[in-house]
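Visitor: I would like to learn how to read a model like this one. Where do we begin?

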Amino acid sequence: MEADMDASPSYFNPEDLSSREKYRRYRIRQSTSSISPLLGNSVSKLSGARLLYEGNNIQRRTNAALLLEEIKHEAESYDLDGLEQNGPKTKYLSKNRDSVDGHGLSELNAGYNFVQSSQPVKLLKQEDEPLVDGGETTFSLFASLLDSALQGLITFPDLILQFENTCRNVSESIRYDGGGRHRVVEDKLKQQKAKYLLDEAASWSLLWYLFGKGNEELPRDLIMCPPTSHQVACQFVATNLTAELCLRIVLWLEGLAAKALELEKKYKGYHVGSYLPSSGVWHHTQRFLKRKIIDSSIVRHMDFDAPTREGAQLLPDDKKQDEALLEDIWILLRAGLVEEACELCRSAGQPWRASTLCPFGGLDLLPSIEAMIKNGKHRLLQAIELESGIAHQMRLWKWACYCASEKIAEQDGGKYEMAVYAAQCSNLKRMLSICEDWESACWAMAKSWLDVQVDLHLATFQHGRDAEKHHRDEVVGISSHGASAGLETWPDDVVDQQPRDFPSLLQKLHSGEIVHEAVLRACKEQHRQIEMNLMICDIPYLLDLLWLWISPSEEEHHGLRPHGDPQLIRFGAHLSLLFRYLLDDEMKDTFKEKLMTVGDNIIQMYAMFLFSEHHEELVGLYASQITRHYCIDLFVEMMELRLNSSIHEKHKLFRSAIEYLSFSYEDQSKASFEDIIERVLSRSREMKACKHDEKPSHVAEQHRLQSLQKAMAIQWLCFTPPTTVSDFETISAKLLIRALMHSNILFREFALISMWRIPKMPMGAHMLLSFLAEPLKLPKDTLLSFDEYDVLANLHEFEDWREYYSCDASYRNWLKLELENSAVPPGDLSSEEKERAIAAARETLNSSVSLLISEGTQWLNAIENCSLELTSDVFLNLHAHGMLCLPSGECLCPDATLCTTLTSALYSSVGEEEALKRQLMVNVSVSLTNNYCVEVALRCLAIEGDGLGLHESNDGGLLATVMAAGFKGELAHFQAGVSLDISRIDAWYSDSAGSFQIPATYIVRGLCRKCCLPEIILRCMQVSVSLAESGETNDHHDELIELVASGMLSLFSQQQLQEFLLFERHCSLYKMELGEEPSAADD
């Protein structure tokens, strides 16, 4: 021993414990400026490519506004990159873990290529900067990993390991951020977030051990004959569900402890067991004995058994040093690092203690397949047990450890020495006394219960072997003698300390009489409760618990603003998804229903959270995993909320939907993009709710604002899908066709609400024209290949409406100039102002007459040939929403009496005989969503020429005639001058039961012809009067009169004819005055 002391370094003073403590735990502190590498994105749809690019190809965009928006974002990102170059940069590289991780992640990471994260964590903290990466990185990382698993790039068990790895790396980057000092509160929040992510990583790790690890087959080639006690134990655990579950929990908890040690070593520069050689020798007691001082409380010999045998103690300094050594040994044993603990004992000068921890030549005694493979064919143990009996020496060793732990406890020895030997013999009550955290207490219970189950099985196995041997001995006349009672009855001494099942194990964790107070507090933590439910495999209750934590209460529910911790919502969503893929074949019907209903709620909540945080690009991945109607409702609500957002945000949401959902209806349980867009377009045409105390100031202005919202919905169809989507060209064509069809529907409605002669433009119609201007410039060959959509007819109608709104814009431009000039005295008008008004008037006339006298097909041709083949009667239906409007433009609030009067007036707009023959039905009611709106429902029998066969009259038939009368405000027996301003109108065919609905577009087109063409002619006459008043000639005057007289007279109402004749009279008078002025001048 003196030699050992002399061999110690000169700077080591045995008398100075502070220097020993320094080298025991703390080495030179490593730099913490480097942040833990975060897991990069795998190859998936969520790759970090910029918006304008698809791999190495430039992504085609058909919308100039979107292109400009993207260029702006590109420039901003470059600016940010340039700013970040001023500070230190951190590269996020995937790293391999060593054997301590226990999951084999080094092999997993080597098998997959992970790229640098597109969202680097900033290392420089400014005064007003938010906390550096509060865990938000996990949202995109988890989405990328899940996307890879859904594509089959990684397995779902590997996905769990990657989730754990991601949480650990993000926690590491938050906890050991070297980006500057933080306020106390900020630092505390950072540490809380880092701890939460570590707790989540522990839950992912447990999930992998329980559901992802799989079952390994026993290596039959390693089983010897006769087998050793360890091989028998491994076979027992492999076939016993309870024992196997205990083993997995033990491996899980030991893996967590090992990773914690590695993290400490990496960032704090110290690790357990950093000892100088022979630092475990009792130097102080040795010197005390050399002085030959008599003290009955101090040991008299230096052998390792002296304290127990003599019932004496070491000197306080040696006892403190010994206890510190045993604390480190306990920490290593707790982490499953038995070999490292033994090596620590040897390096500290206590090889005898290593022998007590690792009997049988360092054999790995854990009853696992991995340990069995590691041990191989261990002939030493087989030889020992052939001589003494199977597991005899094992029981002897455990019995000795049990006696040692009890003796140390009786003599008030070191608590860690007591716990170290208690851990070898399942002496649970001696271990729990030093377990001050939940993981240690759970490990102690699970490990001791596992060892006792194995010992009981080995005892039963040995009794069977002994019975056979006793029978053989009696045959040959040999007598056998038993051993000591304590040894032969093992493990009866510790059986009563063990739980009976897993619920009782959890009950012990909640028992304040046997566990530390900190363990009781930890049992209330969210992830501890999650882990305890995973242990007992109570998945339904776990899902209910997660939903309870994150679901909003009734008074806190605010649409798409989720409740609860974002990280917990993310965990719950991914856990629900993993259960679906991991347990699909094993789920019972009730469990599956719970997983689908509650799981959908959790996943939907997470998608809502991502949307609220402007992570639109991630929403589709999760929304595609929920039930069809949930997915449709979610996307519809999100698209409506983003209707007025930037093009960039809208494009992210569009791309998320188009990439992760099938475009057309394929699977009954899954939503499609067509389902979503149809709902969005339909809802965009609905009347918006109006407060009961809110009265619109002017009908025309209200319609203008609502039309803008309707038109905005078309933009979802004008985005170009990414080229990575399968059948890219077909989908692009179908989107454009649907945009074309819906635009024509809106053009009809916008035309009916923009009849007011005011300078303001119909914003909705011109927005539609701008959206579709660029897409329709592309070649139309692909569009025309879809015969079922009647693309050619829709293209012709679109061109008709483009021409109509061009005429409308010309008229409103002239009207604006005319109103401005009328506000100025005629003598003060400049010649330029007069010429500008005259030029606008001529442009209006030229464009309008060109529309009216078009070559070939008439404008907005409503001639339609119905080819329905039905055995029963065919009916025509028309539903319209509108407002009752006074001549001044004010809105009239309807009531039941007014609706009844309007019903009668509409019915009377056609002859009684015609109404009875066609079985006309009229119903008018106040709208449920807007108390200033009415809903009109018309129905009549289809006849030849109106609903059946060719519709040659080109005026929409009977239903269009009834609606035109209400629209023009010329209803008999109704308030004079009150008109019905239509904001939404639909017409369709049906049978008597209404069991099918086929659009009857010719009715709405005919109604538009009845309303728009007379209005265009009247506007032209108004312009002609202005030109005549200014003394200008009008070349189109006679053409307009001829048009009305020849073919359009049937489209005019009586009041419109009167207005037309009045304009004609004014024109004639101005012409006569103009002709008289030269004559008067001659006289």
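Guide: Begin with a salt bridge. Lys 374 pairs with Glu 339, and their closest N and O atoms are 2.6 Å apart. Keep in mind that this is a predicted model.

Visitor: Which helices hold Lys 374 and Glu 339?

Guide: Lys 374 sits in helix 16 (residues 369-375), Glu 339 in helix 13 (residues 338-347). The pair therefore ties together parts that are 35 residues apart in sequence. Glu 339 is partly exposed, at 47% relative accessible area.

Visitor: What is the distance in the salt bridge of Arg 580 and Asp 600?

Guide: Their side chains meet at 2.6 Å, N to O. Arg 580 lies in helix 28 (residues 566-582) and Asp 600 in helix 29, so this pair ties together parts 20 residues apart in sequence.

Visitor: Are Arg 580 and Asp 600 buried or exposed?

Guide: Both Arg 580 and Asp 600 are buried. The cut-off for buried is under 20% relative accessible area.

Visitor: How should I read the salt bridge of Arg 168 and Glu 164?

Guide: Look at the spacing along the helix. The N to O distance is 3.1 Å. Arg 168 and Glu 164 are 4 residues apart in helix 6 (residues 156-175), which means about one helical turn separates them. Now check burial. Arg 168 is buried at 13% relative accessible area, and Glu 164 is buried at 0%.

Visitor: How many salt bridges does a search of the whole structure find?

Guide: The search finds 49. Some join into a network: Lys 195, Asp 199, Glu 439, Glu 525, Arg 528 and Glu 531 are linked by salt bridges.

Visitor: Let us turn to helix packing. At what angle do helix 7 and helix 9 pack?

Guide: Read the angle and the axis distance together. Helix 7 and helix 9 (residues 241-268) pack at about 145°, with axes 9 Å apart. The crossing of helix 7 and helix 9 is right-handed. On the helix 7 side, the contact is made by Ala 202, Ser 205, Leu 206, Tyr 209 and Leu 210. Helix 9 contributes Leu 245, Arg 248, Leu 251, Trp 252, Leu 256 and Lys 259.

Visitor: Which residues form a nonpolar patch on the surface?

Guide: Val 184, Val 185 and Leu 189 do, with about 300 Å² of accessible area together. Val 185 belongs to helix 7 (residues 184-212). Its relative accessible area is 60%, so Val 185 counts as exposed.

Visitor: Now the backbone. What should I expect of phi and of peptide bonds?

Guide: Most residues other than glycine have a negative phi, and most peptide bonds are trans. Look for the exceptions. His 614 has a positive phi, near 65°. Gln 919 has a positive phi too, about 55°, and is not a glycine.

Visitor: Where do His 614 and Gln 919 lie?

Guide: In loops. His 614 is in the loop between helix 29 (589-612) and helix 30 (616-623). Gln 919 is in the loop between helix 42 (912-917) and strand 6 (921-926). His 614 is partly exposed, at 38% relative accessibility. Gln 919 is partly exposed as well, at 39%.

Visitor: Which residues does a cis peptide bond join?

Guide: Cys 225 and Pro 226, with omega about 0°. Pro 226 is in the loop between helix 7 and helix 8 (229-239).

Visitor: How far apart in sequence and in space are Pro 887 and Gly 969?

Guide: Compare the two separations. They are 82 residues apart in sequence and 9.1 Å apart in space, C-alpha to C-alpha. Pro 887 is in the loop between strand 4 (875-885) and strand 5 (891-892). Setting aside neighbours within four places in sequence, Pro 887 is in contact with Trp 756 and Gly 977. Pro 887 is exposed, at 62% relative accessible area.

Visitor: Finish with the whole chain. How many helices and strands are there?

Guide: The protein chain has 46 helices and 11 strands. Of its 1083 residues, 53% are buried. Next, sequence range. Among contacts between residues at least 6 apart in sequence, 76% join residues at least 24 apart.

Note on methods. Residues are numbered from 1 along each chain as its sequence is written. This is a predicted model: local features need pLDDT of at least 70, side-chain atom pairs count only at pLDDT 80 or more; totals for chains, interfaces and linings use all residues. Side-chain values use heavy atoms; hydrogens and water are left out. Patches are made of residues with over 30% relative accessible area and no salt bridge: like charges are joined within 9 Å, nonpolar side chains (Val, Leu, Ile, Met, Phe, Trp, Tyr) within 5 Å. Accessible areas come from the Shrake-Rupley method with a 1.4 Å probe; for residues, only the protein chains shown count as cover. A salt bridge is a side-chain nitrogen of Lys or Arg within 4 Å of a carboxyl oxygen of Asp or Glu. Helices (H or I, at least four residues) and strands (E, at least two) are DSSP runs, numbered from the N terminus. Buried means under 20% relative accessible area, exposed over 50%, partly exposed in between (1.4 Å probe, protein chains only). Axes are lines fitted to C-alpha atoms, for helices over the stretch in contact, and angles run from 0 to 180 degrees between N-to-C directions. A crossing is left-handed if the near helix is turned anticlockwise from the far one by less than a right angle, and right-handed if clockwise. Contact means heavy atoms within 4.5 Å.
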